[in-house]
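Here are a few exercises to work through with the model open beside you. Try each task before you read its solution.

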Amino acid sequence: CALPISNTPAFSVWLDGGQSIAHNTDTRVNFNREEFDIGGNFDNATNYRFTAPVAGKYLFLGHLYVYSTYQVEAKIYKNGSIYKRFSGPLGSGSNDNPNGMDFMDIVDLSVNDYIEIFALQARTGDTSNVAIYGGNEKETSFVGYLLG
């Protein structure tokens, strides 16, 4: 098995601290901490997105930890528009249980295409904001790698 080439675009980022997310509203996840970013293609300060430096197929995966809500969705956005939606199981309905959502896909990108992750939460009985959790345990994280 060949090891990855050291200049292959790849990143591992996470949300450090909480981020408020409104009821039933697509909200970009502000992945503001980097574990690594080979090539410097992930903007963790302004746009919170990955921009492809070369064309190819990229593997993206991650996890959102949203609490407390009835349903959580993760959405991969490509160039500002929804590309793929991942919907988790419904909670108990009591709005007091954590909900996590894993996401993963291979996306064909051209040079300067960009990828962002959005979250959506839906509650029952109210329209409260909830938190996307993050911190040192990297509960909300996102990674990407150029496959070729």
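One term before we start: residues are in contact when they have heavy atoms within 4.5 Å of each other. This is a predicted model, where local features need pLDDT of at least 70 and side-chain atom pairs count only at pLDDT 80 or more, while totals for chains, interfaces and linings use all residues. Residues are numbered from 1 along each chain as its sequence is written, and side-chain values use heavy atoms, with hydrogens and water left out.

**Exercise 1. Work out the surroundings of D105.**

Step 1: find the residue. D105 sits in strand β10 (residues 99-109); strands here are DSSP runs of E, at least two residues long, and helices are H or I runs of at least four, numbered from the N terminus.

Step 2: Leaving aside neighbours within four places in sequence, D105 touches Y58, L59, F60, I76, Y83, K84 and F86.

Step 3: pick out the polar partner. The D105 side chain makes a polar contact with the side chain of K84, at 3.5 Å. The term covers N or O atoms within 3.5 Å; within protein, one must be able to donate a hydrogen and the other to accept it, and residues adjacent in sequence count only if both atoms are side-chain atoms.

**Exercise 2. Classify the ring pair F42 and F142.**

Step 1: get the cut-offs. Rings of Phe, Tyr and Trp (its six-membered ring) pair if their centres lie within 6.5 Å; planes under 30 degrees apart are stacked, over 60 edge-to-face, and the rest tilted.

Step 2: apply them. The structure has 15 aromatic pairs. For F42 and F142, the centres are 6.1 Å apart and the planes at 70°, so this pair is edge-to-face.

Step 3: F42 belongs to strand β5 (residues 42-43) and F142 to strand β13 (residues 141-146), 100 residues apart, so to speak a link between distant parts of the chain.

Step 4: F42 is buried at 4% relative accessible area, and F142 is buried at 1%. Both belong to one aromatic cluster, together with F11, F31, F50, Y58, F60, F86 and F103.

**Exercise 3. Is strand β1 enclosed or open, and which strands does it pair with?**

Step 1: count. In β1 (residues 10-14), 5 of the 5 residues are buried, so the strand is largely enclosed by the rest of the structure.

Step 2: take each face. A10, S12 and W14 are buried on one side, F11 and V13 on the other.

Step 3: find the partners. β1 pairs antiparallel with β4 (residues 33-38) over 5 bridges, and with β13 in the antiparallel sense over 5 bridges; pairing takes at least two DSSP bridges between two strands. S12 stands opposite F36 in β4, and W14 opposite S141 in β13.

**Exercise 4. What is the make-up of the whole chain?**

Step 1: count elements. The chain has 0 helices and 13 strands.

Step 2: check burial. Buried residues make up 43% of the 148 residues.

Step 3: look at contact range. Among contacts between residues at least 6 apart in sequence, 73% join residues at least 24 apart.

Key
Buried means under 20% relative accessible area, exposed over 50%, partly exposed in between (1.4 Å probe, protein chains only).
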